[in-house]
Amino acid sequence: MGSEIASDSRTRACTLNALIRTGLGADAIATALIENLHCLQGKLPRHATRNDWYMALAYTVRDRMMERYVATVGSIAEANTDAKAVAYLSAEFLTGPHLGNGLINLGIWQAVEEALSRVGQDLSTLLEQEEEPGLGAGGLGRLAACYMDSLATLNVPAIGYGIRYEFGIFDQAIRDGWQVEVTDKWLRFGNPWEIVRSEIAFDVKFGGRIEPYYEAGRYRVRWAPEKVIKGIAYDTPVPGYRVPTTNLLRLWKAEATESFDFQAFNVGDYYRAVDEKVISETISKVLYPNDEPKAGKQLRLAQQYFFVSCSLQDIIRLLLMRDKPLYELHSYWAVQLNDTHPSIAVAELMRLLVDEHAIEWDQAWTITQKTCGYTNHTLLAEALERWPLPLFAKLLPRHLEIIYEINRRFLDDLRLRYPYDDQLLRRLSLIDEAGDRYIRMAHLASVGSHAINGVAALHTELLKRTVLHDFHRVSPEKFFNVTNGVTPRRWIALSNPKLSALITRHIGDRWLANLEDELRRLEPLADDIDFQRNWQAVKAENKRVLVRLIKERTDIVIDPHSMFDIQVKRLHEYKRQHLNVLYLITVYNKLRRSSGAAATPRTVIFGGKAAPGYRMAKLIIKLINCVARTINQDPLVSQVLKVVFLPDFNVKSGHRIYPAADLSEQISTAGKEASGTGNMKFAMNGAITIGTLDGANIEIRDAVGHDNFFLFGLTAEEVERLKAEGYRPRSIYESNSELREAVDLISSGFFSDGDRELFDPLVDALLTHDEYMLVADYQAYVECQQRISHAYSDQNDWTRMSILNSARVGRFSSDRSIREYCRDIWNVTPIVPDERRASSGA
């Protein structure tokens with residue numbers, strides 16, 4: 001009897017403990033919160049700091065993901081499942097803060113708020129405490145994060161593979177108008193979301209020599225490396241929205257195979273004792289080292305190979321754990337290369353199959369092509385990575401041999417198909433033989449993948465016509481389009497909770513999981529006066545939130561009743577932030593000559609980072625800040641026009657910026673932006689777009705209606721034609737008095753304290769060749785902005801347009817993008833993980 005009571009007590013205790021770890025109610029969460037504060041932070045509530053409370057809450061929320069996470073990993077790792085999984089290889093994953101997203105996807109926001117209130121804590125304060133992982137530079141990394149969210153939400157088993165950068169994208173400070181890069185110490189307080197998998201580690205080789213030999217009559221190759229670095233897995237759970245699936249983001253940290261040389265230490269050589277550790281860990285130290293110097297190029301190539309090799313070795317390990325043969329790799333894994341950074345995967349997978357697993361070349365090539373898919377994200381030739389042959393040979397000698405052999409076979413096949421077209425073969429070769437010899441990584445990815453996709457309809461068509469024209473000619477069946485998308489869970493529900501609540505009150509709560517179909521139910525409300533007033537009230541409150549952030553960051557006070565005209569994105573000449581500046585100077589000149597009383601009050605907000613080595617982009621930031629200072633200090637002009645550069649634009653600040661926007665600036669040169677995703681985030685939150693026919697702007701305009709989009713500028717075809725005819729920007733400058741006045745004011749030193757040379761590089765670029773057609777599009781842009789000012793004065797009609805923008809952009813959910821990848825490229829079907837526990841080796 002006593003043993004039965006004891007057993008029953010243990011059962012109840014285990015059940016209670018499980019409830020504390022997994023319960024989704026406020027009682028269980030409050031208990032777990034205090035337990036984690038005690039056991040993991042080692043603090044009593046009265047002594048706990050804000051960070052202690054945040055860490056305790058983060059662990060509490062992560063615990064509630066783990067049961068689903070373990071079950072999902074089981075579907076990838078266990079032998080008795082036939083699920084096909086996705087491996088998403090990306091040099092960037094700009095996830096943003098994890099806490100808020102986790103609360104929404106688990107459906108426990110209100111329960112957590114209640115639990116925190118019981119212990120005297122505020123959820124909004126703890127959300128603000130979280131450090132943002134700076135593991136991406138912009139749209140590429142943010143897209144990867146959105147896709148991971150959608151993969152989990154759609155119950156598609158997936159692993160996102162990348163690098164655990166110790167220091168991410170730099171924090172941006174503005175000093176005297178210039179961008180200053182500050183180290184991003186996102187790990188300084190620890191990372192409660194990651195799980196260290198020390199047992200999942202792989203050796204990655206660099207340099208050395210190649211040793212041919214024969215084994216059982218077969219020619220084989222042994223790679224004797226100069227250096228070996230170990231990659232350690234760090235996993236972060238990625239929960240889907242109200243579904244059983246929780247996928248994982250697996251990031252690799254570089255470590256030395258031997259981190260301490262005891263013999264060197266014993267003889268007093270203390271630096272050499274830790275030298276191997278320091279050198280090895282450099283690989284995962286920082287996101288995107290400056291690759292202008294040779295050492296920077298070598299480190300960047302080493303980073304790309306490091307994470308690709310670890311990831312492919314891990315995929316093969318997981319396949320073999322399931323007792324599946326390597327020749328069926330493509331039946332169980334779809335490996336997607338997110339841009340050219342992971343394209344070395346083609347050569348590395350061949351090396352692993354041929355050298356490490358003794359598979360014949362032809363079979364290995366079939367496996368590789370069927371497994372890999374390649375997403376191209378750029379039409380800019382300079383962004384299609386190429387590596388100097390000597391550098392590549394020094395770092396990856398075996399891969400150079402493999403690439404030579406891939407290229408030989410590829411060109412031999414083309415010679416049979418196109419026997420008299422040597423120029424075609426030269427253009428398609430994986431090796432650029434002109435001048436200094438280079439390896440063309442986009443060519444390697446295109447040859448080694450079964451599918452090549454662009455990320456917007458125009459982008460895909462331009463790929464076929466321009467940078468990948470020859471590949472489309474010889475393999476048209478490989479080309480697909482999958483227009484980018486963004487997750488509504490983060491970019492509406494989390495960043496704009498008041499709008500989310502308004503939408504839910506009117507159409508129910510199914511829209512977050514089915515945006516494309518459900519959001520259109522808002523359309524009949526676009527002309528409803530009461531709904532318009534509620535919509536306006538939400539926008540007004542969001543603007544007040546942004547006003548406070550701007551005051552806190554810049555000390556600039558702006559009018560919340562003015563039009564918020566926002567351009568936030570990475571700084572690049574083709575994105576044309578300086579076209580916006582030319583317009584602002586034109587408005588400034590007009591306002592100086594008049595009282596400004598009839599002008600529509602407007603606040604123009606910029607944000608974005610320039611690559612540390614991109615001098616012209618940094619000069620544009622300086623120009624923005626100089627013009628902003630002049631305008632904001634003018635007592636008359638500043639009453640109707642303010643200009644703000646908001647430093648350190650990132651995901652957290654995006655949560656406040658996108659919901660507050662009235663006007664979304666998407667003004668890149670037609671034919672240069674692959675897709676864009678900021679345009680989608682703005683439109684989802686009710687901003688109206690001013691834009692060119694570039695990237696996904698075209699599809700957004702078609703979706704929301706041409707009357708609800710402000711279009712200006714040359715088309716991609718008109719840009720090409722004008723350049724071919726001999727474009728002369730100076731003649732336009734000389735014939736347009738307002739443009740000439742704006743440019744001359746910059747040149748005169750008016751905005752730069754009399755320094756007439758400061759902005760000469762920018763002015764010279766505009767007037768001599770104007771690569772990105774600012775001068776050509778200037779007048780159309782100014783006239784379009786005038787139409788916008790007039791439209792904004794009718795707030796009822798503007799609000800109707802705003803509602804229709806939100807209601808009609810549901811197809812730009814990343815859920816739709818992932819469904820298309822699954823159907824057209826990956827051949828993957830969703831699964832619902834069962835409740836069995838996965839093997840610990842996954």
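Helix 34 (residues 795-808) lies across strand 20 (663-666), strand 21 (688-691) and strand 22, running at about 85° to strand 21. The model is predicted: local features need pLDDT of at least 70, side-chain atom pairs count only at pLDDT 80 or more, and totals for chains, interfaces and linings use all residues. Residues are numbered from 1 along each chain as its sequence is written, and side-chain values use heavy atoms, without hydrogens and water.

Helices (H or I, at least four residues) and strands (E, at least two) are DSSP runs, numbered from the N terminus. Axes are lines fitted to C-alpha atoms, for helices over the stretch in contact, and angles run from 0 to 180 degrees between N-to-C directions.

The sheet is open, with 6 strands in the order 19-18-17-20-21-22 and parallel pairing. Strand 19 (641-645) and strand 22 (710-711) are the edges; each has a single partner strand, so one side of each lacks a neighbour in the sheet. Helix 23 also packs on the sheet, touching strand 17, strand 18 and strand 19. Strand 17 (residues 563-568) and strand 18 (residues 602-607) run parallel, joined by 6 bridges. D565 stands opposite V604 in strand 18.

| Helix | Strand | Angle |
|---|---|---|
| Helix 23 (residues 529-554) | strand 17 | about 60° |
| Helix 34 (residues 795-808) | strand 21 | about 85° |

Elsewhere, helix 4 (residues 99-106) has 8 of its 8 residues buried (under 20% relative accessible area, 1.4 Å probe, protein chains only). Its cover includes helix 3 (50-77), helix 7 and strand 8 (227-239). G107 follows helix 4, with a positive phi near 75°.

Note on methods. Buried means under 20% relative accessible area, exposed over 50%, partly exposed in between (1.4 Å probe, protein chains only). Contact means heavy atoms within 4.5 Å. Two strands pair if DSSP finds at least two bridges between them.
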